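Trainee: I would like to go through this structure with you. I want to know where each label comes from.

Mentor: Good. Look at it first, then ask.

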Amino acid sequence: MAATSTSLASQLYIGLRRPCLKLDSFNSRSFSVFDPNLRLPLSPPRPSRAIVAMAGTGKFFVGGNWKCNGTKDSISKLVADLNSAKLEPDVDVVVAPPFLYIDQVKNSLTERIEISAQNSWVGKGGAFTGEISAEQLKDLGCKWVVLGHSERRHIIGENDEFLGKKAAYALSQGLGVIACIGELLEEREAGKTFDVCFQQLKAYADAVPSWDNIVIAYEPVWAIGTGKVATPQQAQEVHVAVRDWLKKNVPDEVASKTRIIYGGSVNGGNSAELAKQEDIDGFLVGGASLKGPEFATIVNSVTSKKVAA
């Protein structure tokens, strides 16, 4: 019996077996050196569409990933700022506190904003030290979980197949999944941006039973925590490619229903221009989500999506 249990467990977390970066050598810039003149080659210009709006049919979606930040006091202040903020009504807003503070946030944050976790285990809970199960997250009142973030992929060592299994299990337990994809700088420089993103998408597609409760977050790794942000045109180009991939590889209606959001040094100063892009359906925000007023500005960038004159 013990051997069977061990075999099952090893199948579940085989995605953690490959080597990963040493934590003591990691910092927010350790992935690569950013070239400010780098531009993703764009496809030949497509005919201009008649409107500047959302290509997807879902509501604008903005998530705040607080990562491993905060104390009880600082989070109380952040929650107070969010509670007093005026947010546009036609936006789904989600925040992802550290696990330790989910209950505190859930009990004090306005119901206008939903709660996400930053990670969840690949299966039912049990003898998995340090992990958090989807069932436990549901018990706390979480509605969402962030999976596949580059910091989980490239520091912790989670691979595509493992993340697909995580997403499938989270969905089976009633959690929505913010499914992250994105390329390293060297992959972009080698012209592999689309290949990398499509491979990551396929791993989700191979595992999940439905896309109804999935939001795709495109986050170029070179733009996370570096202060560098993809230009609106760069981001739009990848979002179009992702939506086209969905059209060709999963049921056609998924492409229009699935929201594709952008992450990577989004802030109050650049969110409005990014939001004008037709295939950008919202944002996954890191550092700026720790500042209540600035996060509200990003949420309210939905007003930039207006019908062209």
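Trainee: Why is E151 called partly exposed?

Mentor: This is a predicted model, so every value here is computed from it. E151 has a relative accessible area of 24%. Buried means under 20%, and exposed means over 50%. The value of 24% lies in between, so E151 is partly exposed.

Trainee: What makes K67 and E151 a salt bridge?

Mentor: Their closest N and O atoms are 2.9 Å apart. The cut-off is within 4 Å, so the pair counts as a salt bridge. K67 sits in the loop between β1 and α2, and E151 sits in helix α5, residues 150-156. They are 84 residues apart, so the pair links distant parts of the chain.

Trainee: Which distance makes D160 and R153 a salt bridge?

Mentor: The closest N and O atoms of D160 and R153 are 2.6 Å apart. That is within 4 Å, so the label holds. Both residues are buried. For that label, the relative accessible area must be under 20%.

Trainee: How do you know that D244 and K247 meet in a salt bridge?

Mentor: Their N to O distance is 3.9 Å. The limit is 4 Å, so this pair counts too. D244 and K247 are 3 residues apart in helix α9, residues 232-249, so about one helical turn separates them.

Trainee: Are D244 and K247 buried or partly exposed?

Mentor: D244 has 30% relative accessibility, so D244 is partly exposed. K247 has a relative accessible area of 45%, so K247 is partly exposed as well. Salt bridges that share partners also join K59, D92 and R259 into one network.

Trainee: How many salt bridges does the structure hold?

Mentor: It holds 17 salt bridges.

Trainee: Why can such side chains pair?

Mentor: Side chains of opposite charge can pair when their charged atoms come close.

Trainee: Now the strands. What makes β6 and β7 a pair?

Mentor: Pairing needs at least two bridges. Strand β6, residues 214-218, is joined to strand β7, residues 259-263, by 4 bridges, so they pair. The two strands run parallel. I216 has its bridge partner, I260, in β7.

Trainee: Which strands form the closed barrel?

Mentor: The barrel has 8 strands, in the order β1-β2-β3-β4-β5-β6-β7-β8, with parallel pairing. The twist averages 25° from one strand to the next.

Trainee: Which strands does helix α8 touch?

Mentor: Helix α8, residues 193-207, packs on the sheet and touches β4, β5 and β6. Its direction makes about 155° with that of β5.

Definitions and conventions
Residues are numbered from 1 along each chain as its sequence is written. This is a predicted model: local features need pLDDT of at least 70, side-chain atom pairs count only at pLDDT 80 or more; totals for chains, interfaces and linings use all residues. Side-chain values use heavy atoms; hydrogens and water are left out. Axes are lines fitted to C-alpha atoms, for helices over the stretch in contact, and angles run from 0 to 180 degrees between N-to-C directions. Contact means heavy atoms within 4.5 Å. A salt bridge is a side-chain nitrogen of Lys or Arg within 4 Å of a carboxyl oxygen of Asp or Glu. Buried means under 20% relative accessible area, exposed over 50%, partly exposed in between (1.4 Å probe, protein chains only).
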